Structure formats: C-alpha cells, structure tokens
Amino acid sequence: MNGGASGGRWPWGVCEETAILHGGFLLAARLTQPRPLRELRKADWLRVGTPIIDALGEIGARCPSALQHSLWKKEAVAIVWAKVLLPDPPAPSLDQGWKEDGFFSVGRMIPEVNHTVLFELVKALGVPQLFVQLLLALPQDVCRHQLEHLVEYVSSETSPSDIRFFLDVWWEVVKHKEGQEDATVSAFSTLIYQHGCESSLDDGLQPPKRFKGDPGSLNSSPAATSLLMVLIEGLKQTYRSIALPRLKCYALANLAELLSVFPEVEAEGNPLPVAEYLDKISSVISLWASDTESKYHHSGLDEKVKEAERTMSLLSLAKLSCEELFVGLDFLSSLLHAWGEELQGTLNSSEEPCYESYRLLDALTNLGKNLVCFSEARDLSEDEARVVLELTQVTKDFLEKISASLKSKDLDTNLVSSVAMTIIEQKLDRHVEVCSIFVSEKTWAFSKDWVDCLVKNRALFQKPELVLKLLETLVNFAMFRQDKEARELQMQVTKAIMECYTELSLSDKNKVVSGVLESWGGPGLSLNLQVVMEGFQEDLNVTFNQITKSVSDEGLTRAVASVARLTLLYPEATVKQLCNLAVVNLGAHQFLAQILCSFPALSFLETHNDPGRPHSLVVRCLEEAVWGRLSTAREEEQFIAFLTFLMQPSSAVPLVSPAEVIKAFVLPYLKSDSAQIELSLQILSKVLGIQSCSEEHWIKSCHPFPLLLSLCKLLDGYTKYWHQPRDQLFPSLETKDLILNILSHLCEVVRPETAPSPELWVQSLAWLHRKMASLDWTVGLRLKKLYGDHFKNEVPSTLFEICTLPEDDWTSQPLPAYGPGSGLLAWMECCCVSTALRDTMLTLLTVNVDNPEEVNLFSKGFLVALIQVLPWCSHNEWKRLTHVVENLLQRQVLHVPYTLEYVQYMPLLNLRPFACYLQFSVLFLRGFQLLCSSSCSTWLPAEAWLHVVRLYCSSLTDLLGSVKNATGPPLPPAEDRTSTQEVSFICIQMFCHLLHVAAMLPDKGCSEPLVVVALEILSQYETFSSADTSPSNALRKANERHFLESITDNVGDKALRGTLLQKLSKLGAHSAGELA
C-alpha cells in the first residue's frame, strides 16, 4: 500500500509501509498497558502517540516525493478512522473476512483504537484538509455523528491546539469542493458503505449498530445545515476557552463567513470580478509571506496560490434555515460585544495584520452588506429585526474603529503578476478569466516570466478576445521599445500569438481580423510592428503563387487558412494582392473571390478623414490595386465577375454591397469624357441584377435621380454622336444598348417606395422632368414607366399628323428641328425607343392604302426617314426598325417595287412566299443609293460608315435566317423540293445587292463585315443549290456561277473581290466533281 494513488491497486493491501505503521501501533499499545488503545485518554497522547508519529515519519522518509508523503498521511488517517468505525469482526466471521473484505488484512494489523487516537493523529500530522475530505465522504448521519465526536472531544480539557484544530476543520468544511475525491477517499467511502456500520457513541465498546444513507454533499439540505449547526454549537461550547486574539479572529471569521449566506436572498452571484479576485489571492499570499506563524509561510508560491484560490470559492456554501440563521447571528453579535474592544486594540496596535484578522475584516464587511439585502428582501419579525439591527450596528462600529491601513494594503505588482501566471500554469478554477488580465495588463507584459508563461500555455489563449488583447499589448510594447532585445521579444510573442490565431475556427479568426481593423484600420499590425513587415512581401507572393497554382474546391480550406494569417498581419496588402491576382490570373477570379468572402470581417468600413461617409476597405483596395489598371477586355470581364461574386457569393455573406460598388465605380465615372465609362456601365448593369436583401432597396442610397439624369445625358449625347469632336471621349454606339437596358431597369427599380416620402417622390420626378427639357425629346419618352401618370409623352407636333395619338397620354411640343413633313421621322424615332412603343406606333399609324398617292409619298418618306435614323441606331434599335419594315411590308402599307436589274432571264419561279425578303433586300439597296448619293455624301463622317455597314450586314444575316426558317432545311435529292431554286435565286439577288452596296460605299475600311455576310450568302446558296435535283440543274448552276463571277469581277475592293472569287471557284470545283 504505497500511496493510495499508485498503480490502480486496491489501496488497503499489506505492504512494507503498513508493516511499519503496524509496528508503531504495537509500540503505542505497549505504552498504554494495562489499558488498551481503544481507551486512550487525551492526556496520554503525548506519551503514547510518539511511536505512531515516528512510524509515519519513517514512512515519509521512504517516499520519493512530498506528494507521495502526503498521500501516505491520508492513507494512515483513513486506516485509523476505518478502524475506529469498523472494530474487529467476531470470531465466526474471520474465515470469510480475509477472502471477502479488502480492509481485513490491514485492519487486523492495527489494534482497536478510539477517536482520541484519530483526532490526536490528525492534529499531530497537521492535516485538517485530509480529515475533512474523509469526513465528508461518509454517509450523512455518520458524518454528522463524527463531527459531533470532534466537538465533544475539543470541548473537554480544551487546549489551544484543540481550538486551532476545531477551527481548521470548520474552515476546511467551508472551503471543501465536491468532485475532487482521490482513490484513497473513494476507497474509504466505499469501505464504510460496504460494511454499513458505525461504532457506538462509546468508541466501539458496544456492538456496532447499522446505518443507512447516501453520500451527502455539503450544500444539500437539511443534512448540510445540520452539519453547520454542529460547528456553531461547537464554538458555543468552546469559545470561553479561546484566549489568543489570533484564534478569536479565526473563530469570528469562520462564524461570519458561515452566516453571510442568507436564505431567500440570491447571492450576487456572481463570483468576484476577476481583477478583485486576483487582488484578494495576492493579498492572502502577501500576508502568509510576512506572517511567520502562518503554516503556509514557508510554502512555495505554487502551493500558496493553490491554497489561497480555495478560499475564494465559497459560493456553494449551504444556507442555514431562518431559525438557525438567527441563532447564529445572535451568537455572533454577543461574541463581537465580548471580544470587540480587545480585538480592536490588538489589531490597531499591530503593524502587519495576520491572515486571520484579514479574514475577519473581509467576512464582517461582506456580512454587513448581505444583512442590508436580507432585511430588504424579507419581512422580519420584531425579534428578528432587533437581532439584525443590533448586529449591523455592532459590525459597523467594529469596522469603523479599525485602522484604514489594515483594511487595504498596496500590493506588489510583481507578486500579482506571479500569482496570475501561477493560476494560469496550474489551470486553477478561474484561470480562463485570469488569462484575460494576463493579456491586457501592460505593466506585466514582456517580462521574461510573462513571455515564458505565454509560450508555455499558449493553448489557453486560443480565443479571439484573448488574441486581440495580446495583439494590442504587443503593439503597445512595440511603440515604446525598439532595441534589439525588444525586437527579439516581439518576434517570440508574435510567433506565439500567430500559433494561437492559427488554431482558431474561421469564425473566430474573423472576429480577430475585425478587431484588428477596428483598432488599426487597413494597415493592421504593419502600422506599428516592424517585425511583421520583415519578409512579409515574400511570404505574400509565395502564398498566392501556391494558391493560384492549386485552384480547386479541395484546396479552398488550405488557401483560406494561409490567407487568414496574412490578413491578420497586413489586411490591406493581402486584399490588394488577392484582388490583383483575381483580375490577371485567367479563370482564378471565382476561387479567389471565395477565399475573400470567407472573411466577412473585411466588409469593414473605413472613415479616414470623413467620419460621416464610411468607405469599404475591400472597395478601396479594388480602387487602388485594380481600377484604372485593367488593360484588356478579358481583365475587365474578370474584374466584373469578381466584383459580382463579392456582392452575391454562392454560400457566404456579401463582402461588398451594391450601393458601395455604385458609389465607387459608377457614379464618379458617368460622364461622357470618362475613360472608364463603358466599364462603369457594365458594372452598373450587373449590379442592377442583384436583388435587394432588405425591404428598403439599396438603390435608395445611391442618389437614384441624379443617376437617372446622368444616363439620360449620355443618351442625349448619342443624338450628336457623329458630330462629336474626334478627340473627345464618348462611349461607343455598341454601349448605347447597355445604357438603354440600364435605364429601363432603373425605371423599374426606382419606385415611390424608394423615396423617403411621397412628397419627395413627386418633387424628384418634377426635378427630373425639368432637366429633360434641355435634352432630346426621345430621352423623355424612355422615362414613361418612371413618370407614370404624372407627365404625358411629349413629342413633336408633326407626329400628330401621321398618328392618332390620344391626348390623355400624349402632348405636343414645338421643336424647330421638326418642321413640316418630319412626322414620319418622329414616328420612326418613337419606334426605336422600346418594343412596346414600337407596337403602339404601328397601331396608331394612319396611312390610307386606298390612296396610291398617299402610299407612294409614305413609302418615299419612309425610306428618307429610315436613312436619317439609321446611322444613330444601336443594334437593338435597328432590330426594332427592321421589324417595323417587315410589318409594313406584310401589311402592304410600305411600297417597295422590285426590279430585275440582276436577272439575265425571266425566272419562272414561285417567288410570292419570298416577296417580303426580296423587298427587304431592295429597300436596303435603295437606302444606300440615297445615302451614298452626292446630296448625302458629306453627311456622315468616315467612322460612321463602318457602323452603318455593320447594321446592314446584321440585317442581311437575320434575313438569311428568316429565309432558311421559312423553307426548312434542303431535303435529300430523293425528295424533290422545288423551293430550293427559289432560295438559290433569293441568295443570288441578296449577293448582288450586297456587291452593289459595296461598290457605292466610300473607301472607309468597311469590307470586313461585307466579306463575312457575302460568304455566308454564298454558303447558303451552295447548300440549297446542291439540293436541287431538277434535270437542268447542272446547266443552271453553271450559268449562275458564271453570272456571279462576272458580277464579282466588277467589285472595286481588291480584298473583297479576291475572297469572293476564291469562294466561287470552290463552288465551281464542287459542281465539276458532281458532274464527274
């Protein structure tokens, strides 16, 4: 039995140490003869107990450590106490006992003893804590009975050591914490429960009687309170024997501590604030260090801290019943009356308070506060009120007469820090809270012990709030110390902090990053920590090189962890590097956006010099690292995609808001002369597609009406597009459709609900309407969805001449540019505005088809108006106009005569189903004849021709598609289909019309789109011509090829002519192959 904690073996086994103990008891038994040890009297202990104490001293000398020695003391006390409670069994049971009873062998080695041996042994060993641990492991009734034995024992022939022992046991009962039982205590408790018996009140002289009961806890009721009342009763029986002031303070402190827990009053609850808790522990240790009579005077700091910490945790103390409480309060009051004057004199005359006096003052102070709360929370009877009032007054008088210097003592900062570090290293009860003081107390920081404690216990600091506090302490130190030693300490501490940070969850890492940004903004730690910057750029480059080489879902977690570390050190630089790589690395933008969105803390809003207008850190990094440096269309696409993901990530919180993006990348650049305007418009288009996450739409904060006005001004600029100075920047016509789509979308999003009030909404509409007066009239038509019923459509008066416009929705305005005969031009411009307005215009158009002259005039005017509008049309506007042409041709309102100028022989074909397509092609030809005539030759600048040709070519492509859709794909030769000849004829006509247009165009570099469409026409011709199975097919194709070659030979543009002749020669070779 070498220490009950050893080896997992049954702790009551016979061993060398128990043999030594056995010898000690045998010697003691000889010394008591002729009386047995079980009849030992208190006065005989000094003579008899020496062999037992010597035996335990010999055992202690054999123990390899102080802990082992302490365990043996506990086992010795447990064996003796078990022997007291479990005398030797009667003879008939001996045969079974050695087999079934684990205590049997050891128990037979120890002679029968009484409580005198037990109590004197505990006193001699000075182990009241061990005694209380074993006491409270007993069944409740046995526990109370044993405590009553102790009270009875110390009340008889009372000595100062008896008083000290009784008060020590009391104090240990109060400090005891459940759940900390070791193997010896558990074995002792189990043994007593298994035997289920207790010696009689006469120390085992009579046969034992049975007992029942479960293990009791100190704070259970009523057993616990009865235990406490035994202690109070013990003090009542012994207080007259207390002579020493120190013991009087001890007794009063114990009693006051016990009475400070009131029924019907919840504890304040909460344990002491951790700083106060730390100060109290340090005060206790300081007292023990200066008090040579304290049993902890010579103990090491670790042991002192551990013991002092036990005195702080009395929250689980049981509450006495009201009757018991008032008995105790009355008793305390009488003791203070009896001893108060003496103790005041003693305390005030001493230079240094002892621990007992410190406890007394602290306990009385707490009791006074709690008495006030108790009297306010409970209706007291007259007698109860008298007791409370009397005790409150006597306590107050006692404390007032105590010197202030005894109540508060300045603590050594080094001691407090050492205590804190010891609590942390030993992981005592409140070590987690002490960590928060450790990391923020700047006067302790960066001492050698502080750094060692941090490094050794860094696992305890893996919490976001602690990491943040450590960083603040680190930065504060770095700002005042720059020497070599300080830099080495900084490196050491930074490494430890980074290890703590690395172990945090991603959510907690975000909390730390958020705190860093709040404290130091975008530069983060780099602002004040030079050690952070050493090697940072290289680390940054290496990390992101690895990330961009391993773009995958599997690599995301690893990448996020790497970026988290960099983000903590220098958030701004990390974000900038990531944003830059997202743009320049092909296809990596979404992966990098996912990484960035893993840090919602980066949605931090900076204030800089404008607290009223916070700006997004990420947006600023995008502006500084990427915006203005995009050199290719691909980079712009990736930038927009990256930005869109940040606003609308697939499974994360958006990192930037649509409003922030608009304010940063759109509003400042919505000017026609801005180099970034087209990119800004693309961004605006993307942003408008993002749904608002709240009831209040984000557009409300983006100055929607000035935004609308800016877009309208851009559209107005397109009316003068070809007459803008060449050196003046302006978005291309290809961008016009984007602006129109954005404006349409905005008119849907900006609703009355987005305005702060209905009145402001009306005022804003009126303001915008006034601004429209200086812009082209067509711009205002595009705002009808926004205007609603507030304003009518305002159009040139001449439009009313060709349309039956309802006056409820339409009104005329005098426009000098729209004189007589301009109604059709205005009508056509309306058709360009929107699909809905186009359909309205077609419905409201009034042309008398029964009047040939009117139809002729309308058709000629239509062609002129079409040519006037064409150069200023965007792609979508032109598509709307081609639909108008198609509609009017089908309704036979538009007259387009078809001449056979590119036909050698009369075609004996059914062209009726294709009349519209042929007229369409001829209309384009006539339009270009007008446009290229001498009267219009100077109307368009050189760069306008390419745009016009592109619109024309796009229409021809659509026309080819319509022809193909109307006839279906050419059938195999076995299934004759006469329409193949008609389609071939139409392709030839379109080809000739195109070459005619090409011949008329000025030499302005317009051949590329013409070549593409011409080849497309020839390919379609080849497809349908090859499907023709008529007998004359070969001759017809030969004649057609010859005709096409002769037409092509006359083309002036060498590049166009060469390409087309090459294509025609391939057609000829293909035909020859078929003939062969």
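Student: About how many helical turns separate Arg620 and Glu624 in helix H31 (residues 617-625)?
Tutor: Helices here are DSSP runs of H or I with at least four residues, numbered from the N terminus. Arg620 and Glu624 are four residues apart in H31, so their separation is about one helical turn.

Student: What kind of model is this?
Tutor: Residues are numbered from 1 along each chain as its sequence is written, and side-chain values use heavy atoms, with hydrogens and water left out. Local features need pLDDT of at least 70, side-chain atom pairs count only at pLDDT 80 or more, and totals for chains, interfaces and linings use all residues, the model being predicted.

Student: What joins the side chains of Arg620 and Glu624?
Tutor: Side chains of opposite charge can pair when their charged atoms come close. The test is a side-chain nitrogen of Lys or Arg within 4 Å of a carboxyl oxygen of Asp or Glu. For Arg620 and Glu624 the N to O distance is 3.2 Å, and the link is a salt bridge.

Student: Is Arg620 buried or exposed?
Tutor: Buried means under 20% relative accessible area, exposed means over 50%, and partly exposed lies in between (1.4 Å probe, protein chains only). Glu624 has 36%, so it counts as partly exposed. Arg620 has 13%, so it counts as buried.

Student: How many salt bridges does the whole structure have?
Tutor: One of them pairs Asp483 with Arg481, with the closest N and O atoms 2.7 Å apart. Asp483 is partly exposed at 32%, and Arg481 is partly exposed at 29%. The search of the whole structure finds 48.

Student: How many helices does the protein have?
Tutor: Strands are DSSP runs of E with at least two residues. The protein has six strands, and its helices number 49.

Student: What percentage of the contacts between residues at least 6 apart joins residues at least 24 apart?
Tutor: A contact means heavy atoms within 4.5 Å. Of the protein's 1076 residues, 53% are buried. For the contacts you ask about, the share is 76%.

Student: Which elements do the buried residues of H41 pack against?
Tutor: In helix H41 (residues 835-844), the buried residues are Leu837, Arg838, Met841, Leu842 and Leu844. They pack against helix H38 (777-781), S6, helix H40 (823-833) and helix H43 (875-890).

Student: Which residues form the negative surface patch?
Tutor: Patch residues have over 30% relative accessible area and no salt bridge; like charges are joined within 9 Å, and nonpolar side chains (Val, Leu, Ile, Met, Phe, Trp, Tyr) within 5 Å. Asp and Glu count as negative, Lys and Arg as positive, and His and the chain ends are not counted; a charge is placed at NZ of Lys, CZ of Arg, CG of Asp or CD of Glu. Asp808 is exposed at 67% and sits in the loop between strand S5 (793-796) and strand S6 (810-813). The patch is formed by Asp789, Glu807, Asp808 and Asp809.

Student: What is omega of the cis peptide bond between Gln33 and Pro34?
Tutor: Most peptide bonds are trans. Pro34 lies in the loop between helix H1 (16-32) and helix H2 (45-48). Its bond with Gln33 is cis, with omega about 15°.

Student: What is phi of Glu157?
Tutor: Most residues other than glycine have a negative phi. Glu157 is in the loop between helix H9 (140-155) and helix H10 (160-175), and is exposed at 56%. Its phi is positive, about 50°.

Student: How far apart in space are Gly1052 and Met1000, C-alpha to C-alpha?
Tutor: Gly1052 lies in the loop between helix H48 (1033-1049) and helix H49 (1054-1075). At 62% relative accessibility, it is exposed. Gly1052 and Met1000 are 52 residues apart in sequence, and in space 9.6 Å.

Note on methods
Areas by Shrake-Rupley, 256 points an atom, 1.4 Å probe, with all protein chains shown as cover.
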